[in-house]
Every structure is written in C-alpha cells, then in structure tokens.
Amino acid sequence: MDKATVYFTREVTPESVVRMYEQLGVELPGKVAVKVHSGEKGNQNYLRPEFMIPMVKHVDGTIVECNTAYDGERDTTEKHVKLMAEHGWTDVFDVDIMDADGPDLVLPIENGRVLKENLVGQGIANYASMLVLSHFKGHPMGGFGGALKQLSIGCASNQGKVQIHTGGASLAQGDFWDKHAAQDDFIEGMAEAAETIVNHFGSNLAFINVAVNLSVDCDCCAVAEDPCMGDIGIFASTDPVAIDQACIDAVLASDDPGRDTFMERVNSKHGTKIIDDAVRLGYGTKEYDLIIVE
C-alpha cells in the first residue's frame, strides 16, 4: 500500500478545521453524515457544537451518533436526544441518532478473528458519505480514541457496542461488563468493526482528528481527568489508520511533561494494537507523509 498523506496545522480554530478538510481535495457526495462524540453528561473535555459549525455547514452535513451500551445519559434514544439538546447540538444542527429505530443494519466481517458481523444503526444507510470528525484523546478502555474508534464503537448500535466489547459473546446490555472480552480481543474486534464502515462507504470518507483537551479519559466519561498535556493541533487525511498513527507520533514527539502520562494510558491498554490490526486487515497504512499547513 502506498504512503498516505496526513495534513497538520497547529492552529486550532473552527475555520482551520474547514481549511484542513479542503487540503484533502475531496468532495463528499450526497447526504453527508458527520460523526462526532456528543459528550457524556458531566464531561468537560468534549468538543462543543459551536466549534463544529463552519465544518458541518461546509459539507451540509447531519450530526450522527449512536446510543451507548453502558449506563449513563446516552444509553437510550430518549436520554440521548435530551442530552444532545442540553449540550446544544440540536440548536445548530440536524441530529440523527442512527440506532433510534430498529432493526440494526448487519454488516458482515469476512476475515474476522473476533467478530463475524458488526451491528450498526440502520440510519447509516441514509447517507452516501461520512466525515469522521474526532476529538483525539485518551480512553479508559481503548487506550486512545481517534478515527478508528469513531468508525468502530462510534458507529456501532447499542447492541453492536455490546458485541464488540464482549468479543461477540453477547448482545445483551447487561453483559457489557460481565462478559467483557480480553483486552487484545476487544481491541481487535474494534479494528474488525471499523473495517465494515470503511467497506460500506468506500472512498466516500474523510477524517479529521482534533488533538486538543488531551485527557487520558474519553468524552464518554461523566467524571474525566482534566487534560494532562497541551493542545497539539488538527490532522486531516483520507486514511483512518495514518491519521491515528500521526496523532500518536505527535504525542510521542512532544516535549510536554504530560506526554508520558498520556502514553502510559495508551500503552497500558495496548491502544496502538488497533492501528496494527487495521493495517493487517488492509484498510489503511501507518506509513504517511506529514504536510504541515501554516
């Protein structure tokens, strides 16, 4: 596989998100889903909807999310819709909880070791393309969250999330913790699930990672650690593997005193295994040219 191209700017503004997207030279066709993280109630680190306005308007996109599989304020459609309103998403965007109505869309995983299928909200079928607009940060279970996690856990339905977390053992929300897969199986299952979204949209995908508010915890945490290192910038690519690798490389290259704290979280959860698994599955590369946009 040829090297990917990843664009990077240190300037973190709503307008620079659009500028980075334009560097890609792509025009997402048809109805565009913009996958974001809506932020759990109480979380202080998630990217606010105001930050997304120019980018979402630029692609005339619809904000999409799926319900969670753990107890919180986003595990049912009713609660999730209420929180999206409280967080201001519905004030400025069309919002679609893609698994609000069943049945789920079943996407086969042909070469899966952990999973044989991925369950996603049936609403995904209403979109011709997807912009994956990720807040790059740490994660208490995956080590880190970026483009690959948004493709996998982010697009999976409530039951799909349980299936990934349990390594295919269950679809029941009550088994989320009781039957949780071994860590490496969980990470590999995420990589397998992400592949189904790449296959679904084909070339009609673009990725932006905003590496700010770099907490070791995810936006899914109601009680999250404050950021442990300073903001890095914005990355853009058409390759989900390369963009996540570039973010990890940027953290590793940083002289920020919080770097080791951040990477301890990543490494303790075998976080970069998802990148290696995605490469093995063949839908991205770790080899990239980084083009700095001043």
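Guide: Helices (H or I, at least four residues) and strands (E, at least two) are DSSP runs, numbered from the N terminus. This is a predicted model, in which local features need pLDDT of at least 70, side-chain atom pairs count only at pLDDT 80 or more, and totals for chains, interfaces and linings use all residues. Residues are numbered from 1 along each chain as its sequence is written, and side-chain values use heavy atoms, with hydrogens and water left out.

Visitor: OK, the sheet. What's the strand order?

Guide: The order is β4-β3-β2-β7-β10-β11-β1-β12, an open sheet of eight strands. Its pairing is mixed; two strands pair if DSSP finds at least two bridges between them.

Visitor: Which are the edge strands?

Guide: β4 (95-97) and β12 (288-292), each of which pairs on one side only.

Visitor: Take β2 and β3. How many bridges join them?

Guide: Three, between residues 32-35 of β2 and residues 62-65 of β3, and the two strands run parallel. Within that stretch of β3, Ile63 has Val34 opposite.

Visitor: What does helix α1 lie across?

Guide: Residues 14-23 form α1, and the helix lies across β1 (4-9), β7 (129-135), β10 (205-211) and β11 (233-237). Relative to β1, α1 runs at about 160 degrees.

Visitor: Helix packing next. How many degrees between α5 and α8, roughly?

Guide: Helix α5 (residues 147-154) crosses helix α8 (residues 183-201) at roughly 85 degrees, and their axes come within 7 Å. That angle makes α5 roughly perpendicular to α8. The classes are: under 35 degrees roughly parallel, over 145 roughly antiparallel, 65 to 115 roughly perpendicular, and the rest oblique.

Visitor: Which residues make that contact?

Guide: On α5, Leu148, Lys149, Leu151, Ser152 and Ile153. On α8, Phe186, Met190, Ala193, Ala194, Ile197 and Val198. Contact means heavy atoms within 4.5 Å.

Visitor: How many nonpolar, polar and charged in the α5 to α8 contact?

Guide: Nine nonpolar residues, one polar and one charged. Ala, Val, Leu, Ile, Met, Phe, Trp, Tyr, Cys and Pro count as nonpolar, Asp, Glu, Lys and Arg as charged, and the others, Gly among them, as polar.

Visitor: And α9? At what angle does α5 pack with it?

Guide: About 125 degrees, with the axes of α5 and α9 (residues 240-253) 7 Å apart. So α5 is oblique to α9.

Visitor: Which residues of α5 and α9 make the contact?

Guide: Ala147, Leu148 and Leu151 come from α5, and Pro240, Val241, Ile243 and Asp244 from α9. The class count for this contact is six nonpolar, no polar and one charged.

Visitor: Switching to backbone geometry. Where is there a cis peptide bond?

Guide: The bond between Gly102 and Pro103 is cis, with omega about -5 degrees.

Visitor: Which loop has Pro103 in it?

Guide: The loop between β4 and β5 (105-108) contains Pro103. β4 is one of the two edge strands of the sheet.

Visitor: What about Asp60, what's its phi?

Guide: Phi of Asp60 is near 50 degrees, which is a positive value in a residue other than glycine.

Visitor: And where is Asp60 found?

Guide: Asp60 is in the loop between α2 (49-58) and β3. β3 is the strand that runs parallel to β2.

Conventions
Axes fitted to C-alpha atoms, helices over the stretch in contact; angles between N-to-C directions.
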